[in-house]
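Colleague: I am new to this structure and would like a close look at a single part, the place where the two chains meet. Could you take me through that part step by step?

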2 protein chains.
Amino acid sequence: MRSETRARVEKVARELNYRPNLAARSLASARTSYLGAIVGDVTNPLQAQIARFAAIEAEAQGYPTIVSLDADTDEKAEHALESLLAHRVAGVILIESPYEKPAIAKIAQRIPSVYIGRLLKIVDIDSVTTDHVAGATSVVDHLVAQGCRRILHVGGGASPGAERMRQGYRAAMERHGLNDEISIIEAAYTVDSGAQAGREIFDGVRPVPEAIFVCNDLAAIGVINVAARRGIPVPDRVRVVGYDDVMLAGTETLSLSTVNQPAHELARKGVSAIVHRLKHPETPVSKQLVAPELIVRRSSTSPLS
Amino acid sequence: MRSETRARVEKVARELNYRPNLAARSLASARTSYLGAIVGDVTNPLQAQIARFAAIEAEAQGYPTIVSLDADTDEKAEHALESLLAHRVAGVILIESPYEKPAIAKIAQRIPSVYIGRLLKIVDIDSVTTDHVAGATSVVDHLVAQGCRRILHVGGGASPGAERMRQGYRAAMERHGLNDEISIIEAAYTVDSGAQAGREIFDGVRPVPEAIFVCNDLAAIGVINVAARRGIPVPDRVRVVGYDDVMLAGTETLSLSTVNQPAHELARKGVSAIVHRLKHPETPVSKQLVAPELIVRRSSTSPLS
DNA sequence: CTGAAAGCGCTTACAG
DNA sequence: CTGAAAGCGCTTACAG
């Protein structure tokens with residue numbers, strides 16, 4: 001075809017709003033260049049951000065992404081996968097879903113996959129997650145630098161990541177010679193659960209600690225609310241550090257010190273992992289840890305008097 | 001084919017994890033039975049919920065949905081639409097994106113569409129949104145029933161829905177004979193903006209109002225935070241009502257009275273509208289208003305002394 | 001009712 | 001380099 005003819009064709013195509021039919025293309029070429037993503041709970045701010053960044057990043061790397069938002073149980077996640085497979089996606093990005101390891105493994109052996117949000121040492125799948133040991137360590141180091149010794153940890157119980165956070169807390173405390181000050185109260189990743197822990201802390205027989213490192217921001221808000229009601233000033237009397245860096249944490253009136261989970265980087269690394277695997281299927285499985293960043297705000301920055 | 005043969009085929013198909021190729025089906029039948037959804041900001045809890053419910057509801061009605069998460073500008077929304085059109089979706093669900101009316105109209109005239117989150121009287125498109133006049137009315141009625149007269153409104157400025165909320169507030173105040181008590185401070189849908197309004201209210205020369213109706217929960221949290229710092233007890237000294245019913249609002253330590261925007265119903269009505277239009281293309285354009293529900297919690301329920 | 005054939009809109013390998 | 005032909009995996013209309 002002469003280039004002049006080509007130009008005319010392209011012009012008309014544009015005028016008619018022509019878009020190549022992806023179905024025909026996919027059928028003819030026997031492959032697709034889009035990905036699927038399964039999100040456990042878009043209502044969770046971190047997951048929503050990861051999903052959004054992943055979609056943007058994948059698109060930028062030439063893989064538009066079909067997102068499935070209804071996967072808050074493992075059954076639904078499997079159903080979502082079936083639908084994505086029917087669309088013949090090239091691979092899938094799993095964002096905190098499914099939950100059980102066998103369900104994850106089952107998906108991983110059917111289609112190239114990457115899991116964002118858990119380490120998954122045992123399952124044979126690429127994974128990317130935040131280094132919670134490093135996160136907890138940075139919090140303890142910061143609080144010690146503020147002069148604190150009695151640093152209590154409100155742990156996340158059996159929630160994903162909580163165990164590694166506890167490990168980091170304990171190791172850092174020991175490194176600072178604070179073995180005797182190690183103290184953990186278990187909670188969950190919610191405001192009410194944090195408030196419950198707060199009541200244990202402030203209404204108990206033990207003296208109020210100098211600082212509290214809480215497993216996530218919502219629970220930290222619960223702790224702070226209880227402190228406020230008891231007339232215990234934060235940070236003057238007790239310093240509080242959260243985890244996640246949700247939107248509310250940075251607001252002027254709360255000003256909560258916290259550990260930022262880098263949603264953008266998690267998404268970017270996850271997408272890169274799967275894109276790389278699609279291009280080089282024999283790549284060994286990778287387990288990536290992303291370093292979180294300590295965000296110091298007012299809630300943890302009052303010198304000890 | 002004998003039914004016995006059919007049964008054997010189906011059995012083998014299941015064993016081989018056979019999934020019909022949607023691309024081939026779409027190509028052969030010249031139509032698709034899935035929808036597209038464009039979400040402005042999944043990071044917003046209400047939008048995330050609407051998106052999730054819409055995906056669930058559409059799937060239930062036989063239209064699996066491809067969600068596009070990267071549409072926080074009108075240009076990106078248009079780009080997302082192009083991608084959805086390439087997938088030959090049957091219709092699209094617009095969730096607070098795009099923003100400008102011409103951009104919305106442009107999409108509506110290319111493909112069956114429904115807009116969730118704005119009334120859009122002028123644009124020729126099905127729409128579903130919360131009835132903010134009714135929401136504001138229910139708040140004022142509730143506060144008046146609590147014995148309040150000096151009810152201040154922190155408005156949402158030029159944000160979507162804010163004008164109708166102001167209308168509802170004014171009309172309800174007038175109906176209660178409280179014309180002289182009408183007082184509005186403009187803010188935006190954020191905690192910091194609410195805190196700014198809170199400083200105007202509590203540090204100003206005017207007496208603190210008996211109640212404050214804030215345009216959204218985040219801004220209400222800002223107002224309450226400032227009150228707490230000034231030692232002004234909520235609800236004993238001032239009653240506060242928010243809007244949206246975000247997750248944090250119901251937590252025990254905040255217990256914020258608010259107006260629930262029914263994400264589920266918005267999603268369901270939106271999906272029904274587009275599914276109906278796909279089956280009956282000549283249906284007249286519908287503009288649906290969904291009634292919100294007042295949620296009374298502690299922040300607004302202290303009798304006047 | 002059953003089964004073989006045509007065709008959807010592309011890509012790809014191949015003949016010219 | 002260019003262009004015609006075959007074929008991707010389904011659905012549909014049609015002949016038997």
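Across the interface of chain A and chain B the rule finds four salt bridges.

Modeller: Please keep in mind from the outset that this is a predicted model. Between the two chains, 48 residues of chain A are in contact with 48 residues of chain B, and together the chains bury about 4400 Å², of which 58% is on carbon and sulfur atoms. Within the area that chain A buries against chain B, A:Arg19, A:Arg52 and A:Thr253 supply 15%, more than any other three residues.

The arrangement of the chains comes next.

As for polar pairing, the count between chain A and chain B is eight residue pairs in polar contact, with both residues at pLDDT 80 or more. On the side of chain A that touches chain B, the elements that give two or more residues are helix H2 (22-29), helix H3 (45-60), strand E2 (65-68), helix H4 (74-86), helix H8 (191-203) and helix H9 (217-229) of chain A. Among these, H3(A) gives the most, with seven residues. By residue type, that side of chain A divides into 23 nonpolar, twelve polar and 13 charged residues.

Over all chains the count comes to 28 salt bridges, and four of them are found across the interface of chain A and chain B. In one salt bridge the side chains of A:Glu82 and B:Arg19 meet, at 3.1 Å from N to O. A:Glu82 lies in helix H4 of chain A, whereas B:Arg19 lies in the loop between helix H1 (3-15) and helix H2 (22-29) of chain B, so the pair joins two chains. A:Glu82 is partly exposed, with a relative accessible area of 21%, and B:Arg19 is also partly exposed, at 30%.

Inside chain B, the salt bridge of B:Lys76 with B:Asp72 has its closest N and O atoms 3.3 Å apart. Both partners are partly exposed, B:Lys76 with a relative accessible area of 30% and B:Asp72 at 40% relative accessibility.

For comparison, there is a salt bridge within chain B where the side chains of B:Arg230 and B:Asp203 meet, at 2.8 Å from N to O. B:Arg230 lies in helix H9 (residues 217-230) and B:Asp203 in helix H8 (residues 191-203) of chain B, so this pair ties together parts that are 27 residues apart in sequence. B:Arg230 is partly exposed, with a relative accessible area of 36%, as is B:Asp203, with 44%.

Note on methods: Residues are numbered from 1 along each chain as its sequence is written. Chains are lettered from A and ligands numbered from 1 in the order in which they are written. This is a predicted model: local features need pLDDT of at least 70, side-chain atom pairs count only at pLDDT 80 or more; totals for chains, interfaces and linings use all residues. Side-chain values use heavy atoms; hydrogens and water are left out. Contact means heavy atoms within 4.5 Å. Buried area is the accessible area (1.4 Å probe) that two parts lose on being put together, summed over both. A polar contact is a pair of N or O atoms within 3.5 Å; within protein, one must be able to donate a hydrogen and the other to accept it, and residues adjacent in sequence count only if both atoms are side-chain atoms. Helices (H or I, at least four residues) and strands (E, at least two) are DSSP runs, numbered from the N terminus. Ala, Val, Leu, Ile, Met, Phe, Trp, Tyr, Cys and Pro count as nonpolar, Asp, Glu, Lys and Arg as charged, and the others, Gly among them, as polar. Buried means under 20% relative accessible area, exposed over 50%, partly exposed in between (1.4 Å probe, protein chains only).
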